[in-house]
Amino acid sequence: MTTDANTYAMDEAVGETRLDRGTQGVLGKPLNRYEGALKVSGRAPYAYEHLAGEDVAYGFMVTAGIGRAKIRSVDTSKAEAAPGVLTVISGDDVLRASALPMAPAAQTIDGEVFHYGQPLALVVAETFEAARHAATLVETLYEPGQGRYSLRDQLDEAVNPGPGAMQPDNLRGEFEAVFAEAEVQFDETYTTPSHSAAAMEPHASVAKWDGDNLTVWSSCQLLETNVIQIANGVGVPVENVRLLSPYVGGGFGSKLGIGPDAVLAALGAKAAGKPVKVALSRQHVFQTTSRRSETIQRVRIGTTKEGRITALAHENFVVNSTGNSFFEPVAISTVFLYAGENRKITHRLAETDVLMTASVRAPGEAVGMLSLESAMDELAIRLDLDPIEFRKLNEPEVAPQDDLPFSSRKLLQCYEEGASRFGWQNRPEKPASRREGEWWIGSGMAAASRSHQLMKSSAEVELAPDGRATVRTAMTDIGTGSYTILQQITAEMLGLPPGHVTVLLGDTALPPSSGSGGSWGANSAGSSVYLACEDLVRELAKRLDVDPSDLTLKDGQAIAGNRQIPLGEILGGETLTGRGTIEPGKTAETTNQASYGAHFCEVAVNAVTGETRVRRLLTVAAAGRILNEKTATSQCYGGQIWGIGSALEEELVIDPRTGLLVNHDLAEYHVPVNADVPQLEVVFLEERDTAASLLAGKGLGELALAGVGAAITNAIYNACGVRVRDYPATLDKVL
Ligand code: MOS
């Protein structure tokens, strides 16, 4: 039987739930990711591996080798005549299709190149090699245009993204007047470079037509919006498209939208009359998907002599390409992290003719806290205060922009726990005061915070007569552990061993899900699974004629009063389906919701070469209920490592003459490797946030990246007395 849909809006904090009983004892446990064995043994197919062994063709993109330009001609005749080539598609349809969803005003793209690397054509051939070779035979003629490639040159043209923006101007009190009169004034400007998401699995798609119906396997984070983007790009009704993305090798924001591969594979398959596979090369991934905006950030903080913040400004310039309204919400955490009555927090968006910018892991905090947390350190030193004491002095009681209460906030506890575990009191007090041979040794710390969001998400859980459960939701697992935590939630709710729960994800034929993004996935998809399980529990209780709260489920048995009955017996041969939909509700407007943490870092800086080695890195985090200690810890390791990258290495270099992303591969775009990463430590504080989600958890994935880079540059200052405000802190800037 099937119960009615069960929709729940998060309008108030929930009380204790079945999860708090912990009867089965599996939620929160450090279970291994159950698809892990499939992944390492090649049995978890990534997008490109579908339709293995079938009669398919291969597509390879031709991209623009010029910045802003008009296209005079694209001559595909030599490519079409090359061995093994089935067809070459090009022209305005291809320009529009491959620009979606990147250019909302897609019609203006006709005949034009908007950025270096823009897709121009797709060669479809019998083999990948034949397609790649023939792509080199396509001849393009351009009329070069006047391009804008540098943010710094466009500052005068930058605009306010508007009141509907994700981060509207946050103005309170009289910033300028109060800052001008402040006893202590801090005013510094920081720059952060463009970043690439550089997920391990390149964007790739396989498209297959069956009459008017299209099936696409692609590497995606948000299936519900991605399937609409594909349908719009191809020009078919969304009902005709099924999108599958069962396993994803990382996204980091670059797969929140589709890549050009998805629509081009579909158009190529139509033209070739057979399924087509398109994988982006690593260079294509860098040059044709999306990137993080470079930023220029001015931070001004006015304090009393004792260190109380009276005025706080964080003014930011970011870029995107024409027609794209997304902007890096740099100051997303500055808005609520520290007290200060007079505030001015703004973003201005400039246009350049470079690859579009979009969300890259921890959009906002990842770069905004590089500056804010460096500024807090520098100002603490100027005030002769311990950086932790300075932060404690400015801990707000309510959110300083709108006086909303915090749903939960254990930031001070994170500082305390971190300081004691790290041995903060033993750090060098003065810069350049501890030396080991050639190396200066120093320590630094920074706060971490990440806004919490809950998104609408639906799930179905089926309980079969054999006492096994199946979870169905179009959620994705981008390497984060979605399969495993949804299994754990179901096992805990229904009293089953985790191995008796199968989780099916990544298919638009399943109930629509929040997908993976913005650190909302675990709590959003998880809350919908919780509701679907609750739906089943109610039905089981009804059949036993007991109140659900008097029903205990454990090890496949229902226990009520002195009765203990196997689930299979209650089902009587029937399969039950529970359904649940979670929606954000009033708690999102009546409380300020965020996860918090603190980073502590020790570095060694080479006095001869300027090289920085991170020696120790500790993160203490409070993010509500932790659903799986191992996957949560791994998420934080990822954040810490990315933090090392953004502090010391990562920088997408933009050619100021063409907008070419010069270092468009993993040989030239430096990310930390094992030799750059010390033993990492992550500690979670016990916390429940019952206003944030039905699971009492908050977003975690991106938290550990927020602020960690500043802990590293603060440690560099403590080690050698050099303050780097132009990220990354490469050797030349530290020497
Ligand atoms: Mo995240 S940048 O929302 O994948």
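I counted Phe252 as buried because 25 C-beta neighbours lie inside 10 Å (20 or more other C-beta atoms within 10 Å make a residue buried, 12 or fewer make it exposed, numbers in between make it partly exposed, and C-beta atoms are placed from the backbone). I note here that this is a predicted model, in which local features need pLDDT of at least 70 and side-chain atom pairs count only at pLDDT 80 or more, while totals for chains, interfaces and linings use all residues. Residues are numbered from 1 along each chain as its sequence is written.

I then checked the backbone of Phe252, a residue other than glycine, and found phi positive, near 55°. Phe252 sits in the loop between strand E12 (241–244) and helix H8 (260–272), where helices (H or I, at least four residues) and strands (E, at least two) are DSSP runs numbered from the N terminus. I kept in mind that most residues other than glycine have a negative phi, and most peptide bonds are trans.

Is Asp384 buried or exposed? I found Asp384 exposed, because 8 other C-beta atoms lie within 10 Å. Asp384 is not a glycine, yet its phi is positive, at about 60°, and its place is the loop between helix H11 (365–382) and helix H12 (387–393).

Entry 2, the seven-stranded sheet. I traced an open sheet of seven strands in the order E4-E6-E2-E13-E10-E11-E12, with mixed pairing (two strands pair if DSSP finds at least two bridges between them). E4 and E12 stand at the edges with a single partner strand each, so one side of each has no neighbour in the sheet. From one strand to the next, the twist averages 20°.

Looking inside this sheet, I saw that strand E2 (residues 57–63) and E6 pair in the antiparallel sense over six bridges; Tyr58 has Ala125 in E6 as its bridge partner. Helix H5 (residues 128–135) lies across E2, E4 and E6 and runs at about 25° to E2 (axes are lines fitted to C-alpha atoms, for helices over the stretch in contact, and angles run from 0 to 180 degrees between N-to-C directions). H7 lies across strand E11 (213–218) and E12, and runs at about 135° to E12.

Which residues of helix H4 (residues 92–99) are buried? I listed Val94, Leu95, Ala97, Ser98 and Ala99. The buried residues of H4 pack against strand E4 (85–90), strand E6 (119–125), helix H7 (223–234) and H8 (a contact means that C-beta atoms, placed from the backbone, lie within 7 Å).

The axes of helix H18 (residues 629–648) and helix H19 (residues 708–720) come within 7 Å and cross at roughly 50°. That makes H18 oblique to H19 (angles under 35 degrees count as roughly parallel, over 145 as roughly antiparallel, 65 to 115 as roughly perpendicular and the rest as oblique). I noted the crossing of H18 and H19 as right-handed, which is the term if the near helix is turned clockwise from the far one by less than a right angle, and left-handed if anticlockwise. The contact involves Gly639, Gln640, Gly643, Ile644, Ser646, Ala647 and Leu648 of H18 and Val708, Gly709, Ile712 and Thr713 of H19; by class, there are five nonpolar, six polar and no charged residues (Ala, Val, Leu, Ile, Met, Phe, Trp, Tyr, Cys and Pro count as nonpolar, Asp, Glu, Lys and Arg as charged, and the others, Gly among them, as polar).

For H11 and H19, I read axes that come within 8 Å and cross at roughly 40°. That makes H11 oblique to H19, and their crossing is right-handed. Met369, Leu370, Glu373, Ser374 and Asp377 in H11 meet Gly709, Ala710, Thr713 and Asn714 in H19, a contact with three nonpolar, four polar and two charged residues.

Last, I looked up Pro728, which lies in the loop between H19 and helix H20 (731–734). The peptide bond from Tyr727 to Pro728 is cis, with omega near -5°.

Technical notes. Contact = placed C-beta atoms within 7 Å.
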